[in-house]
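Please look over the sequence and the structure shown below before reading on. The report then takes up one part after another.

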Amino acid sequence: MSNVPANLKYTEQHEWLKLDGDVATIGITDYAQGALGDLVFVELPVKGKKVKAGDSFVVVESVKAASEVYAPISGEVIEVNEALVKSPELINSASYEGGWICKIKASDKGEIAKLLDSSSYQKLAA
Amino acid sequence: MRYLPLTPKDRTDMLKAAGVKSVDEFYTMVPAAAKLPKLIDLPLHQGEIEVERALTRMAAKNHPAGSGPFFLGAGCYNHHIPATVDHLIQRSEFLTSYTPYQPEISQGTLTAIFEFQTMIANLTGMDIANASMYDGATATAEAALMARRITGRANIHIHGQLHPQYREVIETYIQSYEGVAVKNSAPDENAACFIVQTPDFYGEPQKLDALRKQCTDSGALLIIVINEILSLGLLPPPVEADIVCGEAQSIGVPMSFGGPHLGFFACKQDYLRQMPGRLCGETVDKDGRRSFVLTLSTREQHIRREKATSNICTNQGLFALAFTIHMSLLGEIGFKKLARLNHEKACALADRLAKVKKIKLPNKTFFNEFVVELPMNAAETVKKLTAQGIIAGLPLEGGKLLVAATEMTTESDINTLAEVLENMCAVAGVKEVA
Amino acid sequence: MSLADRDRGLNIEENLLFEKGANGACGVDLPEPKNSALRTGFEPRQKVGLPEVSEPQVIRHFVRLSKLNYAIDHGLYPLGSCTMKHNPRLNEKVARHPGFAQIHPLQPEGTIQGALEVIYTVQQWLAKLSGLPHVTLNPAAGAHGEFAGIMVIHRAHEKKGKVRKTVLIPDSAHGTNPATAAACGYQTQTIPSTKDGTVDVDAFKNMLNDNVAALMLTNPNTCGLFEPRVKEIADVLHKAGAYFYCDGANFNALVGRVRPVDFGVDVMHFNLHKTFSTPHGGGGPGSGPIAVTEELAPYLPVPKIVKHGDHYHLVSEDKDSIGRLKGFNGQFGMAVRALAYMLSHGADGLKQVAEDAVLNANYILSQLRELYHVPFSGTCMHECLLTDKIQKAQGVTTMDVAKTLIEYGIHPMTTYFPLVVQGAMLIEPTETETKASLDHFIAVMKMIAEKAAAGESAALQNNPVSSPRKRLDEVRAARHPVLKWTNQGT
């Protein structure tokens, strides 16, 4: 049973989103990190990169696989979690806290409504 | 047939166990049109005696380098290979093993690859090296593509005299991409890389400071190509480079009519994840014992598929091992000595040819290869020398001839070449210079 | 290293040559240089960074390393799609003839006619075996051959005036296929497989349009099955103006019995290091010749070999050609070995190779299908596919089966490939195994299944314990890459 905090939003591709004003912090869920196994590398986006909802903009690598992470919403990447460069395993151990991936300044807050809430996502991540 | 262990009884028993009457039943899915009614029109099986005879007959029609004076280079060099090298690479455990995907039972291969990578990194002055490439030309093409990925820029710039075949291979690799140009000018803001061969195709070692500055200023990556790796025993390592790649055939690998050879690839740490080819890394096993394993496979085709850094699967494993063994025999002392010997042979060749009237030697500098300017057509000259059992070098345009000398070149070889050329030059000018 | 960490019996612990100390030894005797003035334009190199050891130390080091390796000469190597067959030593002997080993690719043609004859003869054999009349031996490996083949197709479309953008590839394909298509500038579209493990022909037909340049199909496919509707696939593909590229990695099932041209192939590659016995060498060299139809012949890479009477001629410039693929020629040394193999087997022997390979795989399948999950019904070709579905419920995965095989002295089969099934185990024994060898493999696989069923998952997950190394920390290797030895200790 994976951990699905109630106060976050989710996507069907197993990303989570925490909104603070118009800045969204993004990561991948506990379910996703468990499926991927020990992460060895995170290809972070460049600060300033503009993304559309659904764009692949991050790659997380385990030993045997490379998985794309999709932007849950459109906007501009304003901050990335540099700690992941040295310690990609933070995504495994703390996928909702220290393992956050980046922050996006939302260009269309209306997109948030299309995301899943924790109970809907829980059904996917059972 | 000596390679087929199954006996008729085995086949009968196994067909029965598999629940079929004949092997034909395994081929029922094959369309009738594709099932051959009889044997393909090719000779039937033969024993070792006949096969060896047939191949020996073919081999005898070739003129091996050892049978006379030999001065061909141009990216493939006639060097000595110590008996130990060939003996060791024929050990079953090296010859008949597979890519070391199961590291627990492949530490032999993996340790040797790690030693190879260390040697290449040290030779080139780069941070990291991979487990080898097909050859120098494809390694260069892959380096150019890597530079495009890293810089996000389109064009490939080439400095001076790059081996013409290397240029051809780059053109082959990029032909289906749009908006890529190969240019012979200094790098600009659209240049992904600046490719410099040293020593260049005419044998001149290149000074890299100014070229490094051009790359730093324009943002292009500096790719140094070396196709006589022995030169690194006498010339300084190209530490100015972002990527160093080329051909290592000179050490431990027979000329073998052009293949298999041994490409090498090394670069700065920053570019690690964009490197093509296999990489062997160090780790530990469950008991904490140092071990080696193929790593960072997420760059490669079997994981990234269409997003891979390259489609490469195989490296040149057995010849990377041959190189490692040969370099181990040479070592710090022997490698530098061998390089210096090669240079001295080339100096002796140059000095002797300089005495031949009407011959010019345009090279200001060289390692073991240089251009000779003849007063007659070089291609015609090579033909005539060949008829006398002398492989004189590579004819370029007009009277230009590219000659190489190695530790295998004897004083007698040099004198023979010089004397024959003396006679030919004496009557040259009577005929047309092409 | 403490004494406890050194050799035990014939079990070897061997460090690196760099760690054996620089003591001024040298493993070659060279004449002393004169140390005359340099004409390189540079000061002489100071430090290179190489070991300093004598010949006995070098031989001992590499012999000791070799004992840490499994090999075909040691035992069964049932790697699916790799065709780990016996590597004949005659091949090694003939390849070392000075007339083959000591010739330079740029020598005047009159001095290397025998070399051109070797290449030309191998080309003839491959042409007859495939039915595709024009062959090049230039590609250096299978993936390189794929690149050449797809570039030939690309050029053909270019000449027809319409460059198409897409290549269709089944989801079961080897990773080199989509990587190659991308390297040639194509987009790939993935064709799903049916529950029978073969191409979903209806889905394929729906994907066909005038923007599809080619289909890349492995046949027999990576599930070990012959595509039953391959002719139909070829026909609709050709009607759509696209070409059929056949990945010939699995040619060992067909050689001498089935000709790919007869099921509609336009281009195929061969792996000389698979079907034609050239040694794998711990990761290469390979050789990946391609064969094409008459229509596509002009686009083959240079150099090309033409024959006039008894004389062979190398053509290095050809404006229709896709160009040069690598320096000089192909992997000539591997062509010599392959020719020795072809001459040894002949038409009758090669046919027997295919039949014995297919029989061996089916024998294994018949003996293991009760204990392991077999995803696709019916017989197989030269390789059989199992999965860990049954064992997973008992806490044992494909990885555990593989590592337990290592523990019992057998190299594992290909694992987790093809991707169309979960926990794949792809087993290809090849024709050079005895029935006894197969029976031993079957017995060990049976034992593993029994242990799994008896709840011994913990022991199986711990394997291997007897091999030179136990399971490695691959995460550490990827997180903190150490790719060379340095003086500070690695």
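## A helix of chain B

In this predicted model, helix α12 of chain B, made up of residues 411-427, has 17 residues and reaches 25 Å from its first C-alpha to its last, which is close to the 24 Å expected at 1.5 Å a residue. The buried residues of α12(B) are Ile414(B), Leu417(B) and Leu421(B), where a residue counts as buried if 20 or more other C-beta atoms lie within 10 Å of its own. Seen down the axis of α12(B), these buried residues fall within an arc of 70°, so they line one face of the helix.

What covers the buried residues of α12(B) includes α10 of chain B. On the other side of α12(B), the exposed residues are Glu411(B), Ser412(B), Asn415(B), Glu419(B), Asn423(B) and Val427(B).

## Two domains in chain B

Chain B is divided into domain 1, which takes in 67-77 + 332-427, and domain 2, which takes in 85-324. The C-alpha centres of domain 1 of chain B and domain 2 of chain B lie 30 Å apart, and 20 residues of domain 1 of chain B are in contact with 19 residues of domain 2 of chain B.

On the side of domain 1 of chain B that touches domain 2 of chain B, α10 (317-354) and β10 (369-373) of chain B each supply at least two residues. The largest share of this side, 7 residues, comes from α10(B). Sorted by class, this side of domain 1 of chain B has 10 nonpolar, 6 polar and 4 charged residues.

## Where chain B meets chain C

Between these two chains, 169 residues of chain B are in contact with 172 residues of chain C. On the side of chain B that touches chain C, the largest share, 22 residues, comes from α10(B). By class, that side of chain B has 88 nonpolar, 52 polar and 29 charged residues.

## Chain A

Chain A has 4 helices and 9 strands, and from the N terminus on its elements run β-β-β-α-β-β-β-β-β-α-α-β-α. The radius of gyration of chain A is 13 Å, close to the 14 Å that the globule rule gives for 126 residues, so chain A is as compact as a globular protein of that length.

Taken along the principal axes, the C-alpha atoms of chain A fill a box of roughly 35 × 35 × 20 Å. Of the 126 residues of chain A, 42% count as buried. Among contacts in chain A between residues at least 6 apart in sequence, 64% join residues at least 24 apart.

Conventions
Residues are numbered from 1 along each chain as its sequence is written. Chains are lettered from A and ligands numbered from 1 in the order in which they are written. This is a predicted model: local features need pLDDT of at least 70, side-chain atom pairs count only at pLDDT 80 or more; totals for chains, interfaces and linings use all residues. Domain bounds come from an automatic or database domain assignment. Two residues are in contact if their C-beta atoms, placed from the backbone, lie within 7 Å. Ala, Val, Leu, Ile, Met, Phe, Trp, Tyr, Cys and Pro count as nonpolar, Asp, Glu, Lys and Arg as charged, and the others, Gly among them, as polar. The radius of gyration is taken over C-alpha atoms; the globule rule is 2.2 Å times the number of residues to the power 0.38. A residue is buried if 20 or more other C-beta atoms lie within 10 Å of its own, exposed if 12 or fewer, and partly exposed in between; C-beta atoms are placed from the backbone. The expected span of a helix is 1.5 Å times one less than its number of residues. The arc is that of the directions from the helix axis to the C-beta atoms.
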